[in-house]
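Student: I am new to this structure, and I would like a close look at a single part of it, the place where the two chains meet. Could you take me through that part slowly and in a connected way?

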Amino acid sequence: MSRRIVISGLGAVCPRATGPTALWELFSRGDAGPPSSLAERIPDAAFVKQSSQLRHMDRLGRIALTATTLAIEDAGPGNPLQTGIAFGSGYGCLPTNEEYLEGILERGGRYGNPVVFQNTVTNAATGYISMVHDLRGPTATLCSGHAAGLEALRFGCQQIEEGQAERMVVVGADTLSPMLLAGLALPEATRVSEAACALVLEEHTRALTRGAHRHAEVLGTGHRGGSLTNQAHTLARAVRDAMHMARIEPEQLGAVFSCASGRGDFDGWEQRGLHEALGAHAAKVPVSCPKDVLGETFSTAGMLAVVLATRALDKGCALVTALGGEGCALAVVLRGGAHD
Amino acid sequence: MSPHRVVITGLGVTAANALSADELAQALANRRSGIRRAAPFDIEGRTYSAGVVDLPDKAPDDGVDRVSKLALHAAEQALHDSGLEAQGNWREETGVMLGTSRGPALSLEQVIRSGGDEDARRRHFGEVPFSSIARNVADRFGLGGILSTVTMACVSSSLAMGRALDEIRQGRASVMLAGGADALTLLSFSGFSVLRAMTPTVCRPFDHRRNGMVLGEGAGILVLEELDHARQRGARIHAELCGWGTAGDAHHPTSPHPEGRGLQQAMTLALRQAGLTTEQIDFVNLHGTGTPANDPAECHALRGVFGARATSVPVNSLKPYFGHTLGASGALELIGSVLGMARDFLPPTLNCEELDPKCDVDVVRGEGRAQRIDTLMSTKSAFGGANVALIARRFPGTGRTAR
């Protein structure tokens, strides 16, 4: 990277954990426990107190706002004009579109609910969050499937590298709906969960100057696409690009936070992709699979893995991957601790 | 290392008034609109005009959503225009970055309508995720580079082009297909109708009688290419894409900031990345939706950035030609502007007859204007307070091969 970029704020909300510390404790215990249902939702009590201004937000916006608020509180204040937001969501406002369409198909087009309609663009969540936290820098909403969260992180890094922003809030979130769950046709006993995760990224020197806690440094990112029949190779190329940008060799990786989900096809791609990219080191490096504990959280999975990696890392490097079966793969290399 | 220069080497158009870049150039020169009185969706007694695309019969129908069909048509044209198809091994490293607002909403509608029919539901659901559009384009043409989908309402394709520009500027890609697509949907017709954002008559950007927008559908896709890569293969260059910026209003879910706060910031960032001043911008293609709130906010933003020059730099809106194509509008309107630059012609803003005093800028009207343009800016704004500005400039020998 042309500039050193650090993570100075962390925020996460899952059905069984609110905040990075609770998330880490849940993950460290390694016990998924019996889910209340196979599709877990975040309890409403976890949401940040909503101002009257925000009463029209949909669920996607609310969970994303909760995670973002935690991350910004962790990072401390910044200059609004120089702070942007990148939001990634695999399915975005699909549940809201479903709600709106069901209403007008039943009652007729002229009886659409305008409050619901304003949330039928996925960037409504981005806009609401920017209103609450006065984020007036670069803004982007990305929807590249399960990889969208890490893609938002990559975009955030690029905006800082380009000098377009001093800091970027990057967010990943996905919510559930019956239609989505039915459409995905996941194998039985697959635990799926809504979740939101946010990070604050900023240039290293700036974070150092203001005395911010540096949870980790982003050393490199990789982003590739390819045929749906060749996802392992696509992931391998994304990993190689991230390692190349990070200027590290496979032997320098201390851990991999994998997107493996317990589904045979996905996990096969992941395993073959890691072996193709890391060679012999793939068999030696410890691989963690956060979805074993947290369930399938779609675009948020990669971001949650980043939060876990920042907690797990001391001074070593970790690789985080995201692959969702839509042809798109992302990889991020992180280094732990404060390297001044 | 200096950033790489990025040029436009392919243009692909799917619009109500044109099914190719050449047709669009002719339509703009002849002031030909594709808007027609139509009622593609039943809003119970309310009939709106729309920019409906008549896709050619040869358009393949293999189960993809209409929005993907619009995108595939434009992508095929852009690739053909670029001349890449006949040259070497380029597919594995070519990326796709597309934007959409409504995405495959027609497939979502089919899923809901399918009720308990599991087969129908499963058949349509595969198209429902927004990412299906870029995936379908990458699959159809066998492209293996960066693959991404942007969904930012009306700035979607502008953001996609800006991101693709950055990928090439920073050396992470050599060739990218970038742009966006949106189809006319019941969701859009109903939603904008209940928000009272659609006109019952005609779209009149910047006119004091303006009372709303006309929806359209379409796709605009460009081939963006690193300059040396284009030179080495002797590609024809339409223009250079040299800067972009995005910024949020942080103001309101659906209304623009009255002073175009985010748009000012986006324009400033684009100028900074391009290394240009406002004095060097010869023309601005504005969003110009024809809604009461949008047009004055944009003009205010222009004044905020361009100062005294805001009243003399020519501006236009291309919405009356093919409608507000939502996520496709940024790409389609940049293509229209680049085509005008190559022909030393500024297309007029149709239906703008009596300029609103709140829009006291130099709106190109009437027959259009013969004028050399060396550098242009295209700006778009969206729900959620999103704003994007892009800057393109004439490349020496524009329209000819780059050797």
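**The interface of chain B and chain A**

Tutor: Across the interface of chain B and chain A, the rule finds 27 residue pairs in polar contact, both residues being at pLDDT 80 or more; a polar contact is a pair of N or O atoms within 3.5 Å, where within protein one atom must be able to donate a hydrogen and the other to accept it, and residues adjacent in sequence count only if both atoms are side-chain atoms. This is a predicted model, in which local features need pLDDT of at least 70 and side-chain atom pairs count only at pLDDT 80 or more, while totals for chains, interfaces and linings use all residues. Residues are numbered from 1 along each chain as its sequence is written, chains are lettered from A and ligands numbered from 1 in the order in which they are written, and side-chain values use heavy atoms, with hydrogens and water left out.

On the side of chain B that touches chain A, at least two residues each are supplied by several elements, including α3 (105–113), β9 (239–248) and α7 (186–194) of chain B, where helices are DSSP runs of H or I with at least four residues and strands are runs of E with at least two, numbered from the N terminus. The largest share of that side, seven residues, comes from α7(B). By class, the residues of this side divide into 28 nonpolar, 20 polar and 19 charged, with Ala, Val, Leu, Ile, Met, Phe, Trp, Tyr, Cys and Pro counted as nonpolar, Asp, Glu, Lys and Arg as charged, and the others, Gly among them, as polar.

In total, 67 residues of chain B are in contact with 66 residues of chain A, contact meaning heavy atoms within 4.5 Å. The rule also finds six salt bridges across the interface, each a side-chain nitrogen of Lys or Arg within 4 Å of a carboxyl oxygen of Asp or Glu. The side chains of E93(B) and R237(A) meet in a salt bridge, at 3.8 Å from N to O.

Returning to α7(B), this helix packs with helix α3 (residues 94–107) of chain A at an angle of about 80 degrees, their axes being 10 Å apart. That angle makes α3(A) roughly perpendicular to α7(B), a description that covers 65 to 115 degrees. From α3(A), N97(A), Y100(A), L101(A), I104(A) and L105(A) meet L186(B), L187(B), S190(B), G191(B) and V194(B) in α7(B). This contact has seven nonpolar, three polar and no charged residues.

Conventions: Axes fitted to C-alpha atoms, helices over the stretch in contact; angles between N-to-C directions. Parallel < 35°, antiparallel > 145°, perpendicular 65-115°, else oblique.
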